[in-house]
Amino acid sequence: MHLLFRSLCVLLLFAPCFVDRSSAAGGAFPVESNLKAGVAKVDITPAEVKDLEVVGHRRKVTGVRDPLRAGVLILDDGQTKVAIITLDLIGAYEEIVKLSRQEIEKATGIPAANIMVTASHNHSGPGFKTESEWGKTLIQKLTAAAKQAAADMTPVTVGYGVDEISFGINRRKVINGRAVVRLNEDGPNDPRVKVLRFDDGKSLTPKAVLMHAVCHPCFFTWGDKGSMPYPTGFPKMSADFPGEAQTFVEMCYGNQTSSLFLQGCAGDIRPNLPGYPYRCADEADIQWAGRDLGSAVVRTLARSMIREELVKRPKFYQIRVANTVVSLPGKEGRIDAELQALKIGPYLLLTMPGEPMVEYGLKLERDIADRAIPIIVGYANGYIGYIATEDAYQVGGYEPNRSRLTAEAEAIILTELSLLADRVIGDVFESFSKHPKDVQKREATEKDRLKQK
């Protein structure tokens, strides 16, 4: 009995050490931050997929290879709340943006103008019709996911890192003064993967992950009609490589995190699947791309948690949002386009409502990189089609020919996004005036912004 008593005393004496070791092994760490985050994901695959026509490269599909999902990330710095919505769809069409903002504002109180709605540009998903059963269900599911995310807000810090993918390639080649569709390894490209992780400090598993990459999700669409086994495109619905990558990342963390995908300036970047001019992917191809992107994300996530990186994280994150609707010159009249800037601490997201060519992202980053960490997002808050560069119109080709815009649109878009960046970064001002009339004018401008969306 005496020996048993002594053994119990020893165990009790060292119990705190055992608990501390267990905690350290799990990677728990204190979170000192004003920023709160909540996240939710939801399956948005249509209930019936039989002879359903998918959009992008249109074709009929029967059955589902992998589910389409939507993600909702809500952030709150104590004064400003924002939401980022990601969709495994071809576009964040104006109707989706309007209805989801309207319903999410009602459900969560987040101002409509502070909600970013993005799409991966998936070419193997359904189109959207407001009055369709699936269309109504989509808005309901997005609203429910937003409510779920808003109910699970916890303090977080944000980690950031960059890696690369290997499967994207430029699809424009200039031959004898004219641009043609051809895989072009020497063309402009952006293989970088930018990753934000949101940590609540409970473990090494992130609460949420935002990954940003640049490539058309058109692995499963038709290209070279002679390519087997899918000369007319993959016969099932799929979320393409962004869906595969999200699943891979979540799997690596035991499905205890939520990963969301942001598409970059992918207007002229596609998968490197050689053919005439290219071929449809098979199962090996999609696993290659999904795991290539997923592995890049996981590598980045892991590295950002080592102590040398962890100590670099800010403790204060200010959220600032700015929107504007610009009138762009079009081939058949003016075209309205919403541009948005969303800054979360040092991280700056700038959006365009269509398919910007890769040069847009590279140009904007050069102008902003010394002031913030830029993440340029296409396919967000509407869809106006291809957004080609001014230079592209001189040699023609698929993107400028298909675009509804004229060459003059580039300068307007770049200027307006630069002005939005100025507003949310806050390090440059046209006026420092504190005169009551100037203050009232600024306040009125902000009220108008919040009412517009």
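Figure 1. On a 1 Å grid over the protein atoms alone, a pocket is an open set of points with protein on both sides within 12 Å along at least five of seven lines, whereas a cavity is a set of points where a 1.4 Å probe fits but cannot get out; lining residues have an atom within 4 Å of a point. Grid points are joined across faces, edges and corners, and a volume is the space filled by probe spheres set on the points. The model is predicted: local features need pLDDT of at least 70 and side-chain atom pairs count only at pLDDT 80 or more, while totals for chains, interfaces and linings use all residues. Residues are numbered from 1 along each chain as its sequence is written, and side-chain values use heavy atoms, with hydrogens and water left out. The second largest pocket has a volume of about 610 Å³. Its lining consists of 27 residues, and Gly56, Glu355, Tyr386, Tyr398 and Arg402 lie nearest the centre. The lining comprises 13 nonpolar, 9 polar and 5 charged residues (Ala, Val, Leu, Ile, Met, Phe, Trp, Tyr, Cys and Pro count as nonpolar, Asp, Glu, Lys and Arg as charged, and the others, Gly among them, as polar).

**Figure 2. The largest cavity.** The whole structure contains 2 cavities of 30 Å³ or more. The largest cavity holds about 60 Å³ of space. Residues of its lining include Asp190, Arg192, Lys194, His212, Cys265 and Glu365. Strand β11 (192–199) and helix α7 (358–368) each supply at least two lining residues (helices, H or I of at least four residues, and strands, E of at least two, are DSSP runs numbered from the N terminus). Helix α7 gives the most, with 3 residues. By class, the lining of the largest cavity has 4 nonpolar, 3 polar and 4 charged residues.

**Figure 3. The second largest cavity.** Lys194, Val195, Leu196, Leu210, His212, Leu262 and Ile375 form the lining. The lining divides into 5 nonpolar, 1 polar and 1 charged residue.

**Figure 4. Packing of helices α2 and α3.** Helix α2 (residues 94–108) packs against helix α3 (residues 133–150) at an angle of about 40°, with the axes 9 Å apart (axes are lines fitted to C-alpha atoms, for helices over the stretch in contact, and angles run from 0 to 180 degrees between N-to-C directions). The crossing of α2 and α3 is right-handed, that is, the near helix is turned clockwise from the far one by less than a right angle. In α2, Ile96, Leu99, Ser100, Glu103, Ile104, Ala107 and Thr108 meet Leu138, Ile139, Leu142, Thr143, Ala146, Lys147 and Ala150 of α3, where contact means heavy atoms within 4.5 Å. The contact residues of the two helices divide into 9 nonpolar, 3 polar and 2 charged.

Figure 5. An open sheet of 4 strands has the order β15-β16-β17-β19, with mixed pairing (two strands pair if DSSP finds at least two bridges between them). Strands β15 (319–328) and β19 (373–377) are at the edges with a single partner strand each, so one side of each has no neighbour in the sheet. Neighbouring strands of this sheet are turned by 15° against each other on average, direction ignored. Strands β16 (residues 335–344) and β17 (residues 347–351) are antiparallel and joined over 5 bridges; Ile344 stands opposite Tyr347 in β17. Helix α10 (residues 409–425) lies across β15, β16 and β17 and runs at about 160° to β15.
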